[in-house]
Amino acid sequence: MSVPTACGGNLFDLSGKIVWITGAGKGLGRAMVFALHDAGATVVLTSRTDSDLRELATELDGRAPNRAAVLAGSVDTAGFAATAADRIVRDHGHLDVLINCAGISPAFTRSEQLTDEVWQQVMRVNLDGAFYCARAAGAAMLTQGGGSIVNVTSVHAQVGFARIAAYAASKGGLDALTKTLAVEWADRGVRVNALAPGYFRTDLSAGLLDSGWGQRIVASTPLGRTGYPRELGGAAVFLASDASSYITGTTLDVDGGWLAR
């Protein structure tokens, strides 16, 4: 079972750890990549767009060479997730952390107008894809006797918000999956937690934040602003590292106090 290795050492140090990050090419995923890489991890980057990943890997190599690898593909395919996990173990010898960040929210519309196609697309990426990757990574971690999985959910897994039914349902399902996997795998050293961002300015949220809804969101946030993507990095490092070695099945909200209202 994985426990802190040194009393008084730097429990946030990820040196020697292999971290697989989905949704790594843009937005919150990209911001977490830098934080994890700066903490010493070797990062394996996944998204659908190979060019985004290779540009990111090149930038990371300029900071610390030979600690970034690229595996482009779509997480909503079970075969890709299994192949990716197998390749990581083959190439690096182990897989220590999965950050399940890939997600979409293509519709901001009333539920009665939400199409079957959009609903299914969101579920495939946000929930099915996260499960496929957690299952594949978890199998490797169980074999090696430890690891950490961090599922990126949302504050809307916990509270309702109009016009995002598919997104909220997918993240609520991921929150429940987090708790279930945590209970199943704790006795074999694999921790599973969730990271729930509030409102951060990314390509995914820009349209909403630039509308009248954006002003209402900021007014409802005790810190009085939206988040900067880099502000999610510390929470990701915490849940990935030995600093959180006695935490599993928990959701860490990073929301500027939005849920505390």
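Q: Which residues does leucine 45 touch?
A: Leaving out residues up to four places away in sequence, leucine 45 touches Ile21, Ala24, Val33, Leu53, Leu56, Ala57, Leu60, Ala69, Val70 and Leu71. A contact here means heavy atoms within 4.5 Å.

Q: Where does this structure come from, and how are things counted?
A: It is a predicted model, where local features need pLDDT of at least 70 and side-chain atom pairs count only at pLDDT 80 or more, while totals for chains, interfaces and linings use all residues. Residues are numbered from 1 along each chain as its sequence is written, and side-chain values use heavy atoms, with hydrogens and water left out.

Q: Back to the core, then. Which members of the largest nonpolar core touch the most other members?
A: Met32, Leu36, Leu45, Ile99 and Leu195 do, out of 32 residues in that core. A nonpolar core is a set of buried Ala, Val, Leu, Ile, Met, Phe, Trp, Tyr and Cys residues joined through side-chain atoms within 4.5 Å. Buried means under 20% relative accessible area, exposed means over 50%, and partly exposed is in between, using a 1.4 Å probe and protein chains only.

Q: Which elements each supply at least two residues of this core?
A: Strand E1 (18-22), helix H1 (27-38), strand E2 (42-46), helix H2 (50-63), strand E4 (97-100), E5 and helix H8 (233-240). The labels are DSSP runs numbered from the N terminus: helices are H or I with at least four residues, strands are E with at least two.
A: Apart from this core lies another, of 28 residues, among them Trp20, Ala134, Leu177 and Leu181.

Q: What about leucine 56, buried or exposed?
A: Leucine 56 counts as buried, at 0% relative accessibility. Its place is in helix H2, and beyond its neighbours within four places in sequence it is in contact with Ala24, Arg30, Val33, Phe34 and Leu45.

Q: New topic: helix H5. How many residues does H5 have?
A: H5 (residues 165-185) has 21 residues. From first C-alpha to last it reaches 30 Å, close to the expected 30 Å, where the expected span is 1.5 Å times one less than the number of residues.

Q: What do its buried residues pack against?
A: The buried residues of H5 pack against helix H4 (116-144), strand E5 (147-152), strand E6 (190-197) and strand E7 (251-254). Among those buried residues are Tyr167, Lys171, Leu174, Asp175 and Trp185.

Q: Where is threonine 153?
A: Threonine 153 is in the loop between E5 and H5. It is buried, with a relative accessible area of 2%. Its contacts, leaving aside neighbours within four places in sequence, include Tyr167, Lys171, Leu174 and Asp175, as well as Ala194, Leu195 and Thr251.

Q: And arginine 163?
A: Arginine 163 is also found in the loop between E5 and H5. Its phi is near 75°, a positive value in a residue other than glycine, and it counts as partly exposed at 28% relative accessibility.

Q: How many aromatic pairs are there?
A: A search of the whole structure finds seven aromatic pairs. Rings of Phe, Tyr and Trp (its six-membered ring) pair if their centres lie within 6.5 Å; planes under 30 degrees apart count as stacked, over 60 as edge-to-face and the rest as tilted.
A: In one, the rings of phenylalanine 12 and phenylalanine 238 have centres 6.4 Å apart and planes at 35°, so the pair is tilted. These two are 226 residues apart: phenylalanine 12 in the segment before E1, phenylalanine 238 in helix H8.

Q: Which residues form an aromatic cluster?
A: Phe108, Phe161, Tyr199, Trp213 and Trp258 form one. Arginine 261 lies over the face of tryptophan 258, at 4.0 Å from the ring centre. For a charge over a ring, NZ of Lys or CZ of Arg must be within 6 Å of the ring centre and within 35 degrees of the ring normal.

Q: Last one: how many helices and strands does the protein chain have?
A: Eight helices and seven strands. Of its 261 residues, 48% count as buried.
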